[in-house]
Amino acid sequence: KPRNEKNKANQFELNYITELKEGKNIQGITRQIGKKIIGYYPIETNEMCMKCHGNYETDINKKTALKINELYPTDKAVGYSPNQIRGIWVVEMDKK
């Protein structure tokens, strides 16, 4: 559920997120693609995350909700509870 459509997960990332949600692999992984090393690390929600990724009715204040909707009108990254996998961080590095 991306907040920013430009950061939408590719198929490999979606498969990894599914594994995380199923509890199959809760650690980060890396893989080499060409001359790059790419790291994938789970994002697990906590209470602090709820201020922007929780429920609009109970967790996100009105001012924050207005700003999120202004910046990300197609936002889907809400409705989470603490201790859920929200997605992954993807870090790309040169293999030097």
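Me: Is asparagine 83 buried or exposed?

Reply: Start with the rule: buried means under 20% relative accessible area, exposed means over 50%, and partly exposed lies in between (1.4 Å probe, protein chains only). Asparagine 83 counts as exposed because its relative accessibility is 60%. Keep in mind that this is a predicted model, where local features need pLDDT of at least 70, side-chain atom pairs count only at pLDDT 80 or more, and totals for chains, interfaces and linings use all residues. Residues are numbered from 1 along each chain as its sequence is written, and side-chain values use heavy atoms, with hydrogens and water left out.

Me: Where is asparagine 83 placed?

Reply: Helices (H or I, at least four residues) and strands (E, at least two) are DSSP runs, numbered from the N terminus. Asparagine 83 sits in the loop between helix H3 (62-71) and E3. Its phi is near 70 degrees, a positive value in a residue other than glycine.

Me: How many bridges pair strand E1 with strand E2?

Reply: Two strands pair if DSSP finds at least two bridges between them. Strand E1 (residues 29-33) and strand E2 (residues 36-44) have five bridges and pair in the antiparallel sense. Look across the pair: arginine 31 stands opposite isoleucine 38 in E2. Now look at the turn. The hairpin of E1 and E2 has two residues between the strands, and glycine 34 takes a positive phi near 60 degrees there.

Me: How many bridges join E2 to E3?

Reply: Nine bridges join them, and the two strands run antiparallel. Tyrosine 40 has valine 90 in E3 as its bridge partner.

Me: How many salt bridges are there?

Reply: A salt bridge is a side-chain nitrogen of Lys or Arg within 4 Å of a carboxyl oxygen of Asp or Glu. By this rule the count is seven. One of them links aspartate 94 with lysine 36, with the closest N and O atoms 2.7 Å apart. Aspartate 94 lies in strand E3 and lysine 36 in strand E2, so this pair ties together parts that are 58 residues apart in sequence. Aspartate 94 is partly exposed, at 46% relative accessibility.

Me: Which side chain meets glutamate 92 in a salt bridge?

Reply: Lysine 36 meets glutamate 92, at 3.7 Å from N to O. Glutamate 92 lies in strand E3 and lysine 36 in strand E2, so the pair ties together parts that are 56 residues apart in sequence. Glutamate 92 is exposed, with a relative accessible area of 52%. Lysine 36 is partly exposed, at 30%.

Me: What is the volume of the largest pocket?

Reply: First, the method. On a 1 Å grid over the protein atoms alone, a pocket is an open set of points with protein on both sides within 12 Å along at least five of seven lines, and lining residues have an atom within 4 Å of a point. Grid points are joined across faces, edges and corners, and a volume is the space filled by probe spheres set on the points. The largest pocket has a volume of about 590 Å³.

Me: Which residues lie nearest the centre of the largest pocket?

Reply: The lining has 19 residues, and Pro2, Asn7, Arg86, Gly87 and Ile88 lie nearest the centre. Helix H1 (11-21) and strand E3 (85-94) each supply at least two residues of the lining. E3 gives the most, with five residues.

Terms used: 1 Å grid on protein atoms, 1.4 Å probe; cavity = no way out; pocket = protein on both sides within 12 Å on 5 of 7 lines; lining within 4 Å.
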